[in-house]
Amino acid sequence: MNNLDTQILNKSDFTNELTGSICTRWAGQPVCVYESIDSTNAECTRLKQAGAKHGTVAMAMTQTAGRGRRGRSWDSPAGENLYFSLLLTPDIALDKAPMLTLIMAVATARGIGALTGHGAEIKWPNDLVLDGKKVCGILTEMRMEQNRIDYVVIGVGVNVKDRGFSEELKDKATALETVCGPDVSIRPTRLLETILKAFEDLYEAFVTEGDLGFLLEEYNSLLINRDREVMVLDPQGNYNGIARGITDTGELIVELADGERREVFAGEVSVRGIYGYV
Ligand code: BTN
């Protein structure tokens, strides 16, 4: 029996559950917990401006102005969903920053798998999908200064409970509990810890290696688009092709009908399945 059904967590439950239980070296040291905030990404930026260090996390029960990719909003009802942002001050070249999003996608997939036993897949570059529907979105924002990275904020929203998606979302969004059933108890705090631990390990390997070569096999094995036909929405003109996996630097390899292989950079285009979301 999942006792979360009868209990809505509040800020002190989250804080108590987290205290002393995060066994990371720096990711989530500290976690700042908020009952309600505009956006954890915005809060992380404010924390940085107030002197917060690499690894600081802002987590909220609900967001009043949750931000999604491409200027969209992220619906953030109170309950047991997970909304958090991680502040990084990486000493890496500017053009490597987008790879951090892909790393967070793998870390989150690992976290979901470890806690639920269900394998989430990745819709390139960084949506997580369960049963063909989106269960998690990731938004990376960055500030640069004189051609170098000042800081990066990676925001993650995981739908844990289905509290009723809007008409627009209900065919393409799902929640962990919907897929896993009510008997699987998913504590957002446990999910956060597991994701942060996975991210920390992957981040350190990435900084040592300098690219995603070490993660290629795992990322490609999670890639729901792999060997499927996709439509690349390119400002220079849309085209279709078969997705073949990612490169060492995170571009999606798309094979056209004539055999030409294009490397698609996430910043410029979006990709969708030709029959719908994936
Ligand atoms: C997407 O459009 O798929 C990305 C959604 C990212 C949502 C998360 S929720 C926590 C963090 N704070 C925000 O305002 N957005 C991200």
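Start by selecting strand β3, residues 82-88: seven of its seven residues are buried, so the strand is largely enclosed by the rest of the structure. Buried means under 20% relative accessible area, with a 1.4 Å probe and protein chains only. Strands here are DSSP runs of E, at least two residues long, numbered from the N terminus.

A quick note before moving on: this is a predicted model, where local features need pLDDT of at least 70, side-chain atom pairs count only at pLDDT 80 or more, and totals for chains, interfaces and linings use all residues. Residues are numbered from 1 along each chain as its sequence is written, and side-chain values use heavy atoms, leaving out hydrogens and water.

Now show the side chains of β3. Leu-82, Phe-84, Leu-86 and Leu-88 point one way, while Tyr-83, Ser-85 and Leu-87 point the other way.

(Two strands pair if DSSP finds at least two bridges between them.) Look for Gly-155 in β7, opposite Ser-85.

Then bring in β2, residues 57-63. Four bridges join β2 to β3, and these strands also run antiparallel. Here Ser-85 has Ala-58 standing opposite.

Finish by selecting Thr-62, which lies in β2. Is Thr-62 buried or exposed? Thr-62 is buried, with a relative accessible area of 17%. Follow its side chain to the backbone oxygen of Ser-76, at 2.7 Å. Leaving aside neighbours within four places in sequence, Thr-62 is in contact (heavy atoms within 4.5 Å) with residues including Glu-35, Ile-37, Pro-77 and Tyr-83.

Technical notes: Buried < 20%, exposed > 50% of the residue type's maximum accessible area, 1.4 Å probe, protein only. Polar contact = N/O pair within 3.5 Å; in protein donor to acceptor, adjacent residues only side chain to side chain.
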